[in-house]
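Trainee: I would like to learn how to read a structure, feature by feature. Could you walk me through one?

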Amino acid sequence: MLKKFLYIFIFLMIICNSFIAKTNAKDPFFIQEDHYENWSLTRNYTRTWLTYTGQNNDLAIRLHPYSYSLRISITLNKLRSNQPVIELDVGDFTCELKKEETGTYKTVLEPISTVQFINNLKQQKIFTLIVDEQKNYTIPLKGINKAINEMENFAKDHYIILPPPFSSKIDEFTTMDIPNIVPPDLYPLFRQQAALARKCKEEKNDRETCEKEYSTVLGLLKQNNICQKEKNQFMLSYNKSSPKSYQWVSCNASQKDND
């Protein structure tokens, strides 16, 4: 009986791991998802966001801070509504979300509103979703402060810019010049590769792990047609002691040059 139970358990774990792998494979930038009571934090190489999933998956609320704004989206999975607009209240702050063709309700908060919204969440003020006059739902905030703190720390480590009241890391990689070939949404990834290149050179205890992470980041840039190319190769061949110098180019252009 015990052996049969063990086989079933292993089988279920294989299915579960396979599902997770397939899910993550859809987004190569995905790192991990962690749960804090009622809220989950998704970590991505270029973005990070918070999600609340209601009881029995009846609704989903996503809070996605991006640059200097906060994107809010709500999906009413089982709480069907024909209302073109729903309302979200946090303490004394109120915002409206408009229904899109997909059925998802969305809004984007400007900087001042973002500060008020996030501060009210951190102060554990009453968080209410108003679908219509008969449907009001209080959203639990257990775990929200821990999730917000972890989000802020992760964003700093990965050079992801979050709006105030979140703080950001300021160092030489934050203010570095970025080649025109890199689109703004990949700025965090480009800064990560620069920071990792420095870290791996100085790392003494676990250089292998650092270089593996660096290789992953370079691979993601390459998937987006951004490659490193060694320059001045002809001159360097006569001076073996000269350090290698690289430039960032389109991977397609670099491939043509090698052909």
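Trainee: Leaving aside its neighbours within four places in sequence, which residues is Thr 104 in contact with?

Mentor: Happy to start there, with the reminder that this is a predicted model. Thr 104 is in contact with Ser 73, Ile 74, Thr 75, Lys 98 and Lys 99, once neighbours within four places in sequence are set aside. As for its setting, Thr 104 sits in the loop between strand 7 and strand 8 (105-109).

Trainee: Is Thr 104 buried or exposed?

Mentor: The cut-off to keep in mind is that buried means under 20% relative accessible area. Thr 104 has a relative accessible area of 14%, so it is buried.

Trainee: What about strand 7 itself? Which residues does Leu 97 touch, not counting residues up to four places away in sequence?

Mentor: Leu 97 is part of strand 7 (residues 93-99). Its partners are Ile 72, Ile 74, Pro 84, Val 85, Ile 86, Leu 88, Tyr 105, Lys 106 and Thr 107, not counting residues up to four places away in sequence. Take Val 85: it is 12 residues from Leu 97 in sequence, and the two are 5.6 Å apart in space, C-alpha to C-alpha. Leu 97 counts as buried because its relative accessibility is 0%.

Trainee: Where does Ser 69 lie, and what does it touch?

Mentor: Ser 69 belongs to strand 5 (residues 69-75). Not counting residues up to four places away in sequence, Ser 69 touches His 64, Val 108, Leu 109, Thr 114 and Pro 163. Its relative accessibility is 14%, so Ser 69 too counts as buried.

Trainee: Can we step back to the whole chain? How many helices and strands are there?

Mentor: The chain has 7 helices and 12 strands. Of its 259 residues, 37% are buried. Among the contacts with a separation of 6 or more, 48% are between residues 24 or more positions apart.

Trainee: Let us turn to helices. Which residues of helix 3 are buried?

Mentor: First the general idea: an α-helix has 3.6 residues a turn, so residues three or four places apart point the same way. In helix 3, the buried residues are Ile 144, Ala 147, Ile 148, Met 151, Glu 152, Phe 154 and Ala 155. Looking down the axis of helix 3, these buried residues fall within an arc of 165°, so they line one face of the helix. They pack against strand 1 (30-36), strand 2 (39-44), strand 3 (48-53), strand 4 (60-66) and helix 2 (111-122).

Trainee: How do I read empty space? Which residues line the largest cavity?

Mentor: The general idea is simple: rolling a probe the size of a water molecule over the atoms shows where empty space is left. Searching the whole structure gives 1 cavity of 30 Å³ or more. The largest cavity holds about 40 Å³ of space. Its lining is made of Leu 50, Leu 63, Pro 65, Leu 70, Ile 118, Leu 121, Ile 148, Met 151 and Phe 166. Strand 4, helix 2 and helix 3 are the elements that give two or more residues to this lining. By class, the lining has 9 nonpolar residues, no polar and no charged.

Trainee: What volume does the largest pocket have, and which residues are closest to its centre?

Mentor: The largest pocket has a volume of about 470 Å³. There are 16 lining residues, and the closest to the centre are Ala 197, Lys 201, Tyr 214, Gln 228 and Tyr 246. Helix 4 (187-202), helix 5 (207-223) and strand 12 (246-250) each supply at least two residues of the lining. Helix 4 gives the largest share, 7 residues. The pocket lining divides into 7 nonpolar, 4 polar and 5 charged residues.

Technical notes:
Residues are numbered from 1 along each chain as its sequence is written. This is a predicted model: local features need pLDDT of at least 70, side-chain atom pairs count only at pLDDT 80 or more; totals for chains, interfaces and linings use all residues. Side-chain values use heavy atoms; hydrogens and water are left out. Buried means under 20% relative accessible area, exposed over 50%, partly exposed in between (1.4 Å probe, protein chains only). Helices (H or I, at least four residues) and strands (E, at least two) are DSSP runs, numbered from the N terminus. The arc is that of the directions from the helix axis to the C-beta atoms. Contact means heavy atoms within 4.5 Å. On a 1 Å grid over the protein atoms alone, a cavity is a set of points where a 1.4 Å probe fits but cannot get out, and a pocket is an open set with protein on both sides within 12 Å along at least five of seven lines; lining residues have an atom within 4 Å of a point. Grid points are joined across faces, edges and corners, and a volume is the space filled by probe spheres set on the points. Ala, Val, Leu, Ile, Met, Phe, Trp, Tyr, Cys and Pro count as nonpolar, Asp, Glu, Lys and Arg as charged, and the others, Gly among them, as polar.
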